[in-house]
Amino acid sequence: MKLNHFTDYSLRVLIYLNQNNKANSCSLDELSEKLNILRNHLIKVVQFLSQKELVITKRGKNGGIVISEKANKTGLGDLIHLLEQDDSPIINCHSKPCVFMSYNCKLKSFLDTAYQAFISSMNQHYLSDLIFNNWEIIFASQHNARNTT
C-alpha cells in the first residue's frame with residue numbers, strides 16, 4: 001500500500017503541529033519552510049484538516065494553525081483512512097471494469113481485509129507516539145544551510 005501525497009503531507013503537518021505545542025500557533029509559511037512543502041499544497045491540506053476539525057485555524061494578526069484535541073485522540077489508522085478519502089483505497093474493480101469480476105475473483109476481498117488489518121494496527125498508535133526528543137536538531141540543518149548560502 002502506498003499513501004497518497006495528500007495523506008503524507010497531512011500527517012507531516014499534524015506531526016509538526018503536535019510537536020510544536022498547542023500554545024504555539026504557526027503559519028502556512030512556517031509549515032512550508034520547515035516541512036519543505038509548497039505553500040499551495042499546504043493550503044489544501046490545512047483547509048481539509050480544518051474542515052475535519054483536526055486543526056484549528058485563526059486569521060489575523062494573532063492567527064495561525066494549531067492542532068485540535070480531536071487529532072490527538074484519533075488513532076493513526078483512522079487518520080490515515082480519513083486522509084486517503086476513499087473507502088476502497090487499495091483496488092477498485094469498477095473504475096476500469098475488471099474481466100475477473102464476473103468470475104468471483106477474491107483479490108479485492110483479500111486486499112480489503114489486509115487494509116482493515118493495517119488500519120487496526122495503526123489505530124494502536126496516536127500522534128503522541130510520534131514525539132521526537134531531538135526536535136530542534138531536525139530543523140537545525142535547514143537553518144544552517146540558509147545561513148551559508
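Q: With which residue does Lys108 form a salt bridge?

A: Side chains of opposite charge can pair when their charged atoms come close. Here the partner of Lys108 is Asp112, and the closest N and O atoms are 3.1 Å apart. Both Lys108 and Asp112 belong to helix H6 (residues 107-122), where they are four residues apart, about one turn of the helix. Asp112 is partly exposed, at a relative accessible area of 27%.

Q: How many salt bridges does a search of the whole structure find?

A: The search finds three. One of them joins the side chains of Arg12 and Asp8, at 2.8 Å from N to O. Arg12 and Asp8 both lie in helix H1, four residues apart, about one turn of the helix. Arg12 has a relative accessible area of 34% and is partly exposed; Asp8 is partly exposed as well, with 26%. A salt bridge also connects the side chains of Arg39 and Asp29, at 2.7 Å from N to O. This pair links distant parts of the chain, since Arg39 is in helix H3 and Asp29 in helix H2, 10 residues apart. Arg39 is partly exposed at 38% relative accessible area, and Asp29 counts as partly exposed at 48%.

Q: Which residues does Ser32 touch, not counting residues up to four places away in sequence?

A: The contacts of Ser32 under that condition are Ile37, Leu38, Arg39 and Leu42. Ser32 is placed in helix H2 (residues 28-35). Its relative accessible area is 17%, under the 20% limit, so Ser32 is buried.

Q: How is an aromatic pair to be read, and how many does a search of the whole structure find?

A: The reading rests on the ring centres and on the angle between the ring planes. The search finds one aromatic pair. The ring centres of Phe6 and Phe48 are 5.2 Å apart and the planes stand at 85°, so the pair is edge-to-face. Because Phe6 lies in helix H1 and Phe48 in helix H3, the pair ties together parts that are 42 residues apart in sequence. Phe6 is partly exposed, with a relative accessible area of 22%, whereas Phe48 counts as buried at 11%.

Q: Where do Asn36 and Glu53 lie?

A: Asn36 is in the loop between H2 and H3, and Glu53 is in the loop between H3 and strand S1 (55-58). Asn36 has a positive phi of about 55° although it is not a glycine. Glu53, also not a glycine, has a positive phi of about 60°. Asn36 is exposed, with a relative accessible area of 67%, and Glu53 counts as exposed at 52%.

Q: What separates the C-alpha atoms of Asn4 and Glu84?

A: The separation is 6.8 Å, although Asn4 and Glu84 are 80 residues apart along the chain. Asn4, in the segment before H1, touches Leu83 and Glu84, not counting residues up to four places away in sequence.

Q: Where is confidence lowest, and where is it highest?

A: Where pLDDT is low, the predicted coordinates should not be read in detail. Confidence is lowest in helix H7 (residues 135-148), with a mean of 65, and highest in helix H3 (residues 39-51), at 96. The mean pLDDT of the protein is 87, and 91% of its residues reach 70 or more.

Terms used:
Residues are numbered from 1 along each chain as its sequence is written. Side-chain values use heavy atoms; hydrogens and water are left out. Helices (H or I, at least four residues) and strands (E, at least two) are DSSP runs, numbered from the N terminus. Buried means under 20% relative accessible area, exposed over 50%, partly exposed in between (1.4 Å probe, protein chains only). Contact means heavy atoms within 4.5 Å. pLDDT is the predictor's confidence in each residue, from 0 to 100. Rings of Phe, Tyr and Trp (its six-membered ring) pair if their centres lie within 6.5 Å; planes under 30 degrees apart count as stacked, over 60 as edge-to-face and the rest as tilted. A salt bridge is a side-chain nitrogen of Lys or Arg within 4 Å of a carboxyl oxygen of Asp or Glu.
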